[in-house]
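Hello,

Here is the structure I promised to pass on. Please open it and read my notes alongside.

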Amino acid sequence: LKTSTRSFYREARRSADYSFLRWLHGYIYCRFPYLYIGIGTGEHPLARILLSFWRLLQKSGGPLSGKINRKVKDEFAEVYHGKVLPLEEARKLVTVNEDIKPGDLKRVIPYSKARKLILHSPDHIAVLECPCRTSRSNPCLPLDVCLVVGEPFARFVIEHHPNRSRWISQEEAVKILQAASERGNIHNAFFKNALLGRFYAICNCCSCCCGAMQAWSNGIPMLSSSGYLRQLDPALCTGCGICAEVCPFGAVVMKKGVPVLNTSACMGCGVCVKKCGHGALTLVRAPDKGEPLNLDELIDQA
C-alpha cells in the first residue's frame, strides 16, 4: 500500500463513527475520480446503463418512485456538497500556515453530515486535472484547476495520479484561483462524508462542465451559498447587461435596462462583481443565506 493510503486508513480508524465501508467509498472516490465523476456527470458509457435502469425503476415504481428520487437527491447532497466561496475567502484556505481544527460548521455548512474543517499540513497542496472537465468531449481549459488541500488527500492524489497532478506552492495556488476568477469561474470548497467527513478540495468551476453546478440546477441541493448577496448601486449601473451574461447561476435578468436579481438563485459567488466595469456591484452579508466560510473568524472562534 502507498504511504497516503495507509495514512488515510489510520485517520479513518481514529473516528468511532467511520466504518470500513465508508473508508472504502472514500478510497474508490480518490483512487478513481475520473470514473466516479464521469459516471456522475453522465458522460461515461456506464452512466447511460445506470440511467436506463433508474428510469425503468421510476416507471415501475409509480408514486413511490418520486419519493425515492427526492430522498436520493437530498441524501446525496448531505454526504457530498460544496460551499461557494468569494475569491478572498478561497485565498485564505490555501495560504494558512498552521494546522487548524475548527469545530462543527453548523451555520456555515448547512448539512448534517460532512462539514468539518480540519486541515493537517495545509501548505501541502496538489493541483489535479479536473475530473468534471476531463469527462467532457469538448472541455473548458485549462484542465488543472482542482486544488486538493492538506493531508492525507494531497499526497494521495500525487501518489495515485502522478500524470494528472503535481505539487504546487501556496503562491501558485493563489495564482490558479486568481486566473479562475478572471475567467469567470467560481470557487467551491468541497466536503465529502467518505473523506473523513471534511473539507478536502477547492474546485474552480464553470457551469458548462461542473457536475456539482449541473446537479444544483437540476434540483439536487449540493451547493450552499457563500453567505453573501450581490448588491447594486443604481447610480453607477449603466445597464450594460454584462452581469446577466456572466452569472453562472442565471440569477440576473435584464428588465428595461436594469439588472434584476433573483435572490433565491444568487449564490454570492462574486463573478458579477469582478466583471462589472463600473463598480456598480458589491457583495454584502445576507444572514438568511447562512454564514460565510471565513477562515479568520473560524480560527478565532475555535
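The axes of helix H1 (residues 3-13) and helix H2 (residues 20-31) come within 10 Å and cross at roughly 150°. Keep in mind that this is a predicted model. The crossing of H1 past H2 is right-handed. Which residues meet there? From H1 come Thr5, Phe8, Tyr9 and Ala12. From H2 come Phe20, Trp23, Gly26 and Tyr27. Six residues of this contact are nonpolar, two are polar and none is charged.

**The sheet**

Next, look at the strands. Seven of them form an open sheet, in the order S4-S2-S3-S6-S5-S1-S7, and the pairing is mixed. Strand S4 (165-168) and strand S7 (223-224) are the edges, and each pairs on one side only. Now pick out strand S5 (residues 186-192) and strand S6 (residues 198-205). They pair in the antiparallel sense, over seven bridges. Within this pair, Ala189 stands opposite Ile202 in S6.

**The core**

In soluble globular proteins, nonpolar side chains tend to be buried together. The largest nonpolar core here has 84 residues. Which of them touch the most other members? They are Leu93, Leu117, Leu147, Phe190, Phe199, Phe249 and Leu293. Strand S6 gives the most to this core, with six residues.

Best wishes

Key:
Residues numbered from 1 in each chain as written. Predicted model: local features only at pLDDT ≥ 70, side-chain atom pairs only at ≥ 80, totals over all residues. Heavy atoms only, no water. Pairing = 2+ DSSP bridges. Helix = DSSP H or I, 4+ residues; strand = E, 2+ residues; numbered from the N terminus. Axes fitted to C-alpha atoms, helices over the stretch in contact; angles between N-to-C directions. Left-handed = near helix turned anticlockwise from the far one by under 90°. Contact = heavy atoms within 4.5 Å. Nonpolar A, V, L, I, M, F, W, Y, C, P; charged D, E, K, R; others polar. Core = buried A, V, L, I, M, F, W, Y, C linked by side-chain atoms within 4.5 Å. Buried < 20%, exposed > 50% of the residue type's maximum accessible area, 1.4 Å probe, protein only.
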